[in-house]
Amino acid sequence: MYTGAAGERSSEMRAKPMGKTILHVDMDAFFASVEQRERPELAGRPVIVGADPREGRGRGVVAACSYEARRFGVHSALPISQAYRRCPQAVYLRPNGRLYQSVSHQVMTILGRFSDLVEPISIDEAFLDVTGSQRLFGTPVQIAKIIKETIQREERLTCSIGLAPNKFLAKVASDLNKPDGLTLVEPGREAEFLAPLGVRRIWGVGAKTEARLKSLGVRTIGDVARKPLQFWIDRLGRHGVHLWELSHGRDRRQVEPRGAFKSLSHESTFAEDTQDLERIRATLLALSEAVALRLRKNGVRGRNVTLKWRWADFTTLTRQTTLGQATDDAQSVYRACSELLSKLLPLRQRVRLVGVAVGRLEGAGQKQQPGLFDENSRRKRRLDQSVDAILEKFGQTSIKKASLLDDPYDEDDRFSSFLKH
């Protein structure tokens, strides 16, 4: 196993075949690093991208922060008010979604030079299967080094890369030596690599599962692996199988090419907690419009609609429904959200945040069941395409439904879950 900065050398980096090799490329503090690149005067300073802190009274969360800000305990998804209390001297910037998307596109284009199998999983990270690229570019470590050097040269940004026989191991590896790290997990050494790591490194293990595992005397991935499979089945059922398999470094998932999104989502934090149903419905409509626009832009439709809901006490829940056929239409998404909302009424307390997601995506070109009003559907699609063209040319606020004229959902809220899928 090799871990180190991109420029370091190791005897482990000798030219030898690795078999199937997956890279996970993770841009370092992406939004904040882009801002520091664009504004050289911010180099070396704590930078926090997110909502307006309003001197500790702001709403919303941190979208990203520089490594200088992380030293003060600031991290992504931290309430912006807490970030301000921890680091009032930071430079606070509102997100620039168009800039980040443009840079992301350039980075993904670079990755595409090294493999046809590139799977973006968010705006700032992607998997690559470079198994078939080694004859052209060299060993996996050599490929990773070339990628890092190319991104640094062309975009003046750094990234951390994990190399491994599967996606799970590559993702874990990329996070271990940030920033500007390079970590290789060699075949046959998976258990050695995972054993000392905490159980939170396993996908699907959150705070509640971690607490339950600790009650069983399990703190590391090695602790999980040492117990028999039946032990975990008896206590966690199907999730126990997943836990045990990953603890042994086993992950059968393939890298899915660009565009194979799992879901698309947006969410909005209200400026003040609210029980105003009209305001909540208007926000859900705006969120549905934003998600539908991205569905059409990416040429996909979805069958599952999820409503995310956060109460004022920060309790968060999700409710999901499955549509009769896949859609990229905002009204269809909104109707589904409205039905899910009705099951939460009457409101037991004020609401802090709502979100809308569409999943089970499929290509928009896939055959749909014929509808009763096909001509109306065609007219609606032409209208959607015209609106999309206006928004693309003049920006997201250039055209708006009359019902959204007083909508509190603004550009920063639209960006709060940008391209996380």
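Guide: Beyond its neighbours within four places in sequence, Val218 contacts Val199, Leu213, Asp223, Val224, Lys227 and Trp232, where a contact means heavy atoms within 4.5 Å. The model is a predicted one, in which local features need pLDDT of at least 70 and side-chain atom pairs count only at pLDDT 80 or more, while totals for chains, interfaces and linings use all residues. Residues are numbered from 1 along each chain as its sequence is written, and side-chain values use heavy atoms, with hydrogens and water left out.

Val218 sits in the loop that joins α9 (207-215) to α10 (221-226); helices (H or I, at least four residues) and strands (E, at least two) are DSSP runs numbered from the N terminus. With a relative accessibility of 0%, Val218 is buried; the term denotes under 20% relative accessible area, against over 50% for exposed and partly exposed in between (1.4 Å probe, protein chains only). Gly198 is 20 residues from Val218 in sequence, and their C-alpha atoms are 9.2 Å apart in space.

Rings of Phe, Tyr and Trp (its six-membered ring) pair if their centres lie within 6.5 Å, and planes under 30 degrees apart count as stacked, over 60 as edge-to-face and the rest as tilted. Trp232 pairs with Phe231: the ring centres are 4.9 Å apart and the planes stand at 90 degrees, so the arrangement is edge-to-face. Phe231 is buried as well, with a relative accessible area of 16%. Over the face of Phe231 lies Arg235, at 3.7 Å from the ring centre; for such a placement, NZ of Lys or CZ of Arg must be within 6 Å of the ring centre and within 35 degrees of the ring normal.

Elsewhere, Arg70 lies over the face of Tyr67, at 4.3 Å from the ring centre. Phe30, Phe31 and Tyr100 make up one aromatic cluster.

As to confidence, the protein chain has a mean pLDDT of 85, and 81% of its residues reach 70 or more; pLDDT is the predictor's confidence in each residue, from 0 to 100. Over residues 4-16 pLDDT stays under 50, and the model has 29 contacts for them beyond four places in sequence. Where pLDDT is low, the predicted coordinates should not be read in detail.
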